[in-house]
Structure formats: C-alpha cells, structure tokens
Amino acid sequence: MTARTAVADDVVVAGAAGGVRRAGVVLRVGPVSTVVRPRLLGAAIGVGALAFLLFCVGMTVGDYPLSTGDVVAALFSQGDYYDRVVVYDWRMPRALVGLFVGIAFGMAGALFQTATRNPLATPDIIGVSAGATTAVVLGVVLGFGAGLGTQSLGMLGALVAAALVQVLALHRGSTGYRILLVGVGVSWACTSTTTYLLARADLRQAQQVVGWMVGNLNDSTWAEATPLLLACLVLVPATLALTGWVRAMHLGDDVATGLGTPVARARAALLLAGVLLVAVGTAAAGPVAFVALAAPQIATRVARTPMPPLLTSGLTGGAVVLGSDLLARLLLPDTQLPVGIVTGVLGAPFLLWLLARANRTGTGG
C-alpha cells in the first residue's frame, strides 16, 4: 500500500510530554485531498467575522444616518430604498476598496515574509510600495506616462521596483537575506527620488499626490473598486493554490529541497504573487503603510501557527484597514484623514516591538 493511500483521516503530531494532539482532519473529494486544521479554520472564521462587522459599521458613518441593521438589510436588498441607494452607490465602494486592499496587502505580506523567512520583509521595506509612489510622482510632476492614470502608474512602479530587486539580488539563486538587503537599498533610492521630485513640484502637484502617497480611501468610487475586485477574484485563489510551497519554504531552503520543492522557482512564484497583490492594492488606494507588516504577524499569533497563514493574514489585513479607516472618521469627523496615517501611527510601535523581540530571541522575530 502506498503512503498516499495509507493517510488516515485524523492528522496527529507530537505534543508535550510525549503525547499527541490532533493537528487536522484530511478531507478527500475523489483524487483531491486537503488537511483542515480546526484552530486555523476557527481563526479565519473569527477574523473574517470581525472584518465583515467593520465593513458594515463603516458604512453607517456619514451625513445620512444609518444603523448597522439598516446596512445589513440593504446588503440583502431589504429595507428602505434610500438606504440601499446610500449603501450601494455612496458607501460600499469605499468599504470594498478598504476590505480588498487589506486582503491584498495582508496576503502579500505573508508571501514576502515566508519567501524570505524574515518578518520584516514586506512591500513597505523592500521597495515595492516606494516604487509605486515614485512612478505616480513622476507621472504627476514630469508628465511621465501621460494618460495612464494614477492606478496604472502605481501598478507599473510596483512591478518595476520588484523586478529590479529580483535582478539585483540574483546571484547563484536569490536568497531571502539578499532580497531584503537589496530591497532596502531600492526602497531608499525610490524614496530619495520621490522627495526630490516633490521638492521641485508646485503646490498643486504636491497636493495631488500627497494624500495618495500615504494610502487613502477618501473619495473611492466604483472606478477604483471594480478593477480591484476583478483582480482579487483571480489573484486570491491563485495565491491560495501556492499554500504547499508556502509551507515548504517556511522550513528553509535545504529542507524544502529535500522535500522535492523547486526552491528557486517557488520563491520566484511567491514573490511574483505578492508583487501582483501589492500592485493592485496600491493602484486602488496607494501604499497603505504597515498593513503588510502587521497583518501576517497578528494572524500568526491568532492562529498559533509557525508561519503566517495566507487566508487569515488577508482577512486580518482587511480588518486592519477597515478598522483604521473607521477610527480616522470617528476621531476626526470633520477631517478627511487618509487611512495610511492611522495605520502608520499604529504600525510604528508594532514594528519596534518586532525588532525588540528579534533582538531578544536572536531569531529575526
């Protein structure tokens, strides 16, 4: 009997004091099987429920008063006609952009951190977000890529920066450590270029890009929401299909190679998926700071897994963005505060905590 046909329905692993504990249950549908881990599933459901709650509560805020019940009724085509108009036409695009930008950044952060085996390796740190910002500022100040628009320029800049990092880090196979170091250099180069361009821009041009540069959900419409939704419908399932490689890469290059994983190809695939997610998220709302850093680490601790779980990281990212946007509107109701300012204020202490923890353990987090 082969090993594959001998797999039991219950998956157990060694526990404390030599005991065993249930790690998951194998579900089979014909030739396809997967392991369902109850705690991980529960964490995903819990975080998803929180994200949905914030999604609904966020649409209650505005000049036209709505309760959470009114919003939920409108989502299911119930309740007052004007409530449905307010929810679907005015407030849902902003909520959807916030949710799916958070999902994209959260999953991208999990991919980057797994591919490099470093909790600090995120799009914010290794230059992808900075590249998107530089491309947008180039377009506004110098007229580069005239006619492409902010969304297209941001996506193009993210892809170019990621390709540059990969090419410069390529030396006998790019490693996570080299990618991180090269990415920091590319990030600073892009940031310096952006600062120079803003210094020579006029006031109108600077005002046009400054809100986008920190991440902004204000004035989001279906024009931003629709492309983001379509892209995520393709990218999220494709990313979840890489879960096997994610688990193998977390064990290290040598172990992954021993398990038959094509390490170089797997790392390239994970980074490419992460870059595409960052590109579509940045194109819709700008480089929202620290979401890709914090969401995977929060999800790891909620699910108690040794590596960032992809789906839970994405849902956590959605909850972080929606919660930050709601906090910004409640604290300063008369000010259109960009959501990236709130995530930056909340994310900076989290980054310091990660660095302090890495210094204590000597494991990089």
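Among contacts in the chain between residues at least 6 apart in sequence, what percentage join residues at least 24 apart? The share is 68%. This is a predicted model.

Start with the whole chain. DSSP assigns 14 helices and 3 strands. Of the 365 residues, 47% count as buried. The chain exposes about 17700 Å². Carbon and sulfur atoms supply 66% of that area.

Now turn to helix α12, residues 291-303. The helix has 13 residues. From first C-alpha to last, α12 reaches 18 Å, close to the 18 Å expected at 1.5 Å a residue. What are its surroundings? In α12, 10 of the 13 residues are buried, so the helix is largely enclosed by the rest of the structure. R304 follows α12, and its phi is positive, near 55°.

Next comes a helix pair. Two packed helices are described by the angle between their axes and the distance between the axes. Here the partners are α4, residues 128-142, and α7, residues 203-213. Their axes come within 10 Å and cross at roughly 160°. Angles over 145 degrees count as roughly antiparallel, and α4 and α7 are therefore roughly antiparallel to each other. Their crossing is right-handed.

Which residues meet between α4 and α7? From α4 come A132, T133, V136, V137, V140 and V141. From α7 come Q205, Q208, V209, W212 and M213.

Technical notes: Residues numbered from 1 in each chain as written. Predicted model: local features only at pLDDT ≥ 70, side-chain atom pairs only at ≥ 80, totals over all residues. Heavy atoms only, no water. Helix = DSSP H or I, 4+ residues; strand = E, 2+ residues; numbered from the N terminus. Buried < 20%, exposed > 50% of the residue type's maximum accessible area, 1.4 Å probe, protein only. Contact = heavy atoms within 4.5 Å. Areas by Shrake-Rupley, 256 points an atom, 1.4 Å probe, with all protein chains shown as cover. Expected span 1.5 Å × (residues − 1). Axes fitted to C-alpha atoms, helices over the stretch in contact; angles between N-to-C directions. Parallel < 35°, antiparallel > 145°, perpendicular 65-115°, else oblique. Left-handed = near helix turned anticlockwise from the far one by under 90°.
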